[in-house]
Amino acid sequence: MRGLFTPPGDGGAVYLDGNSLGALPAHLPARLQDVITRQWGGLGIRSWGESGWWTAPERVGDRIAPLVGAAHGTVVVSDSTSVNVFKALVAGTRLVADDRDEIVVDATTFPTDGYIAESAARLTGKRLVPVDPADVPGAVGPRTAVALVNHVDFRTGRLHDLPGITAAVHEAGAIAAWDLCHSAGALPVGLAEHGVDLAFGCTYKFLNGGPGAPAFLYVAERHQGRFDSPLPGWNSHADPFAMSSAYAAGEGAVRGRVGTPDILSLLAVDAALDVWDHEAVTVGAVRAKSLALTDFFLDCVAAYAPPGRVAPLTPAAHAERGSQVALRCARAPEVMEALMARGVVGDLRRPDILRFGFTPLYVGFADAERAARVLAGVLAEVAA
């Protein structure tokens, strides 16, 4: 599928930053040109109906649903990940009894999740309980309202036990909410299979939807009738064009909507998802190649890098690994700057983590080998 993408750079770069921003699908500019010139320019406001703009959040959500193991009608594409974290946490507390006064949050979470969890706790009168993801099963109990966990740690690439943690949260009578930003489009998730209650994630990483592309929100079918969004915008109203002063929630995934959708970005996501229509492109096939690529990269780093200069933070066990490799390096900022100058694009998490994201749809084994070889050369030149 590599030819379906235009990775950043002059064509000779190794792009290993798809876990931050996916590469441009080659057909996407033409698709957006049609949206801009024919739909917006030609049809204008008629495109809300004739071009399917109004129903796009649910339609695109239904395209993402099978990639995260969700049922039809349970995913909507709307707003940012941060906004969807807020919706999920507050609405999650409203799905349980009022005497459940704690929100358990992944202590290693991506910062925005933590910031919003803290705010949601203040707004709902709950107590925030930060714990390591591995300790969530022992931390949840009769006082837990919601547990928020990242499926893949954004720093280390560690894959957390979604089935086991979800089961433990449910045993405690609480709501399990998952951040899928670093797993959607990279590995099997199984939201419906494992009974996840709420989930959200971005579309600009492994789903290649473009910078600032809207995020998705998952609400399990069993909760949709009681999903009480803290942001009841007009787009989630049962009859939005009645312009009623009284709010009445719509049915199904539409309850996750708020305001007018960002059509240009949303339809860019729609176009980017076309790659998943190819028969050979399955989540299972992507996962198999991801593990093979990251195994190979780790082997090459071990073989090429000067001893003691980098240490893998990403687990070796496949069941504990996402689709990135994180290496601890004493002079990480300087090393990453040198790598970028030599055509190997990764990223940095201060103070000492080099991150390399492997998107199997356009990253190959030659890319992995070259990146490890260039890294070894940079490490040899940069004093420890």
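Author: Helix α9 crosses helix α11 in a right-handed sense. Bear in mind that this is a predicted model.

Reader: Which residues of α9 and α11 make the contact?

Author: From α9 there are Lys-289, Ala-292, Leu-293, Phe-296, Phe-297, Cys-300, Val-301 and Tyr-304. From α11 come Phe-365, Ala-368, Glu-369, Ala-371, Ala-372, Arg-373, Leu-375 and Ala-376. Sorted by kind, the residues of this contact are 13 nonpolar, three charged and no polar.

Reader: Thanks! Now to Asp-62: why does Asp-62 count as partly exposed?

Author: Buried means under 20% relative accessible area and exposed means over 50%, with partly exposed in between. Asp-62 has 22% relative accessibility, so Asp-62 counts as partly exposed. Its place is in helix α3, residues 56-64.

Reader: What makes the link between the side chains of Asp-62 and His-72 a polar contact?

Author: The distance is 3.3 Å, and a polar contact needs a pair of N or O atoms within 3.5 Å, one able to donate a hydrogen and the other to accept it. The pair of Asp-62 and His-72 is therefore a polar contact. Beyond its neighbours within four places in sequence, Asp-62 is in contact with His-72, Gly-73 and Val-75.

Note on methods:
Residues are numbered from 1 along each chain as its sequence is written. This is a predicted model: local features need pLDDT of at least 70, side-chain atom pairs count only at pLDDT 80 or more; totals for chains, interfaces and linings use all residues. Side-chain values use heavy atoms; hydrogens and water are left out. Helices (H or I, at least four residues) and strands (E, at least two) are DSSP runs, numbered from the N terminus. Buried means under 20% relative accessible area, exposed over 50%, partly exposed in between (1.4 Å probe, protein chains only). Contact means heavy atoms within 4.5 Å. A crossing is left-handed if the near helix is turned anticlockwise from the far one by less than a right angle, and right-handed if clockwise. Ala, Val, Leu, Ile, Met, Phe, Trp, Tyr, Cys and Pro count as nonpolar, Asp, Glu, Lys and Arg as charged, and the others, Gly among them, as polar.
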